[in-house]
Amino acid sequence: MLYSEKVMDHFANPRNVGEIADADGVGEVGNSKCGDIMRMYLKVENDVITDVKFKTFGCGAAIATSSMATEMVKGKTISEALKLTNRAVMEALDGLPPVKVHCSVLAEQAIKAAVADYYTRRGIDPTPIVGKIPECEEGHCGV
Amino acid sequence: MKRVIYVDNAATTPVSPAVLEAMLPFYKEIYGNPSSIYSVGRKAKAPMEDARTKIARCLNAQANEIYFTSGGSEADNWAIKGAAHLMAQKGKKHLITTAFEHHAVLHTMQALEKEGFLVTYLPVHENGIVRPEELESAIRSDTALVSIMYANNEIGTIQPIPELAEICRKHGVLFHTDAVQAVGNVPIDVKAQQIDMLSLSGHKLHAPKGVGALYIRQGLVLPNLIDGGAQERNRRAGTENVAGIVGLGVAIEEACAGMEERNRRLCAMRDRLIEGALQIPRSRLNGDRQQRLPGNVSLCFEGIEGESLLLMLDMKGICASSGSACTSGSLDPSHVLLAIGLPHEIAHGSLRISLGSQNTEEEIDQILEELPKVVSYLRSMSPLWDHITKNDRN
Ligand SMILES: Cc1ncc(COP(=O)(O)O)c(C=O)c1O
């Protein structure tokens with residue numbers, strides 16, 4: 001299995017790793033049984049994502065897709081961030097091996113989960129805006 | 001370029017200089033087909049027979065009990081499919097193996113299940129060792145074959161082969177062992193240990209890839225797996241891999257001659273590595289502490305995932321492997337780690353370091369220097385590690 005140079009770069013030098021103590025939204029997706037967990041922290045001001053951090057347990061692709069996803073939503077409005085697709089994350093990384101596509105799905109979901117939490121904290125039901133975030137079920141990881 | 005520390009010798013080994021030296025003439029001057037009548041062919045025959053004798057000597061077999069194959073996988077396929085089909089003619093269609101065999105055995109068993117054979121998979125327990133009494137109670141009147149690996153490729157545990165084979169002999173059941181990881185590392189005597197068939201592979205013991213052998217006890221005639229020409233006394237067709245076979249002979253001779261001294265050195269390095277690595281919090285050794293291959297260190301680190309660990313180690317110039325799901329391209333972690341009862345989330349964080357004769361104490365120092373740093377770096381970005389440590393505090 002071969003990763004692109006971009007994937008290796010984001011794995012070796014992940015952007016935006018860490019936590020935000022006073023985050024406005026935190027989302028976590030995946031589970032340890034499947035071998036991937038991603039957690040995203042958002043700081044939001046006037047509907048704009050001013051800061052974003054992540055923590056990921058997972059393979060090289062999981063770390064690289066988390067890193068790339070955070071870069072792609074930083075400075076964007078919430079509605080722009082919600083438009084981020086796993087395909088866009090993959091393309092930005094010059095592709096992923098087929099067995100790793102589920103990592104990019106997880107990255108997209110992690111952003112959505114953090115946005116959902118942001119709305120929930122503000123007393124807004126996120127489901128009509130963000131949609132349903134699928135649970136990672138046993139024996140059916142990621143995809 | 002940064003110096004590379006190669007500690008993945010259970011995956012494959014570098015060809016030793018003496019082996020390469022011995023092989024080269026068979027690519028240059030002595031290129032003939034060993035079945036030919038003229039001298040450039042004939043000259044290839046005797047060195048091949050010499051290699052056969054060397055292998056036989058190392059296993060305490062007779063030369064005519066050794067058959068060259070394209071490697072361990074072919075030897076496993078031949079032994080298992082051959083014995084199963086042979087015994088099926090007598091109405092015996094039950095096979096016994098273990099849950100943690102190499103895929104060359106497991107997938108062969110699964111293919112036979114599709115043909116209507118019934119397979120029992122013995123448990124290997126937390127220490128990664130088969131219990132002889134469990135084998136004995138699994139044997140039935142229609143059991144054709146028992147196939148149990150000599151040493152596991154992932155966790156390095158050595159099975160009680162003499163006891164297991166004795167039980168089979170007592171019950172009139174054929175016994176095969178995949179000794180691909182054991183030959184050259186563990187003393188093997190097919191006669192004293194009552195082994196009917198044994199698979200071995202060149203590239204795990206400093207011979208090239210693509211050559212191996214199956215030992216078949218005299219008197220046992222398996223149906224052929226590869227039909228064609230009359231090579232290997234009509235039992236395995238195909239123009240011989242002369243250079244590879246010659247290399248295999250030299251490699252086995254080297255491995256068996258130096259075994260005791262090499263193992264003393266390897267075990268000391270292995271034990272230092274295990275003790276050092278287990279200083280890392282929430283780490284564990286997989287498989288029995290004592291009954292393990294001299295070069296095998298199999299570990300799990302909670303809260304991190306094996307593939308990212310391997311990639312980080314690779315960036316430090318350390319080549320190792322993992323039973324993590326991600327390295328195999330599936331989503332489930334290795335069947336070996338699951339077979340010894342590790343939960344999925346722990347099995348994901350596995351690391352296998354397998355030492356070989358070319359490794360040095362300085363390399364162990366460097367691994368012990370880098371490994372804890374890499375593990376704590378990955379833990380620092382792992383939400384799973386947060387969960388684990390939070391539960392500790394509560
Ligand atoms: C235990 C075991 N059996 C069989 C094999 C397959 O051997 P080969 O690669 O020569 O086909 C291997 C090596 O990959 C092994 O470790």
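What percentage of the 394 residues in chain B is buried? Buried residues, meaning those under 20% relative accessible area (1.4 Å probe, protein chains only), make up 58% of that chain. The model is predicted: local features need pLDDT of at least 70, side-chain atom pairs count only at pLDDT 80 or more, and totals for chains, interfaces and linings use all residues. Residues are numbered from 1 along each chain as its sequence is written, chains are lettered from A and ligands numbered from 1 in the order in which they are written, and side-chain values use heavy atoms, leaving out hydrogens and water.

The overall form of chain B comes next. The C-alpha atoms fill a box of roughly 75 × 55 × 35 Å along the principal axes.

Chain B holds 15 helices and 12 strands, where helices (H or I, at least four residues) and strands (E, at least two) are DSSP runs numbered from the N terminus. Strand β7 (residues 197-201) of chain B has 5 of its 5 residues buried, so the rest of the structure largely encloses it. On one side of β7(B) lie B:Met197, B:Ser199 and B:Ser201, on the other B:Leu198 and B:Leu200, all buried.

Two strands pair if DSSP finds at least two bridges between them. Strand β6 (residues 174-178) of chain B runs parallel to β7(B), joined by 3 bridges, whereas β7(B) and strand β8 (residues 212-216) of chain B pair in the antiparallel sense over 5 bridges. B:Ser199 is the bridge partner of B:Asp178 and stands opposite B:Leu214 in β8(B).

Key: Buried < 20%, exposed > 50% of the residue type's maximum accessible area, 1.4 Å probe, protein only.
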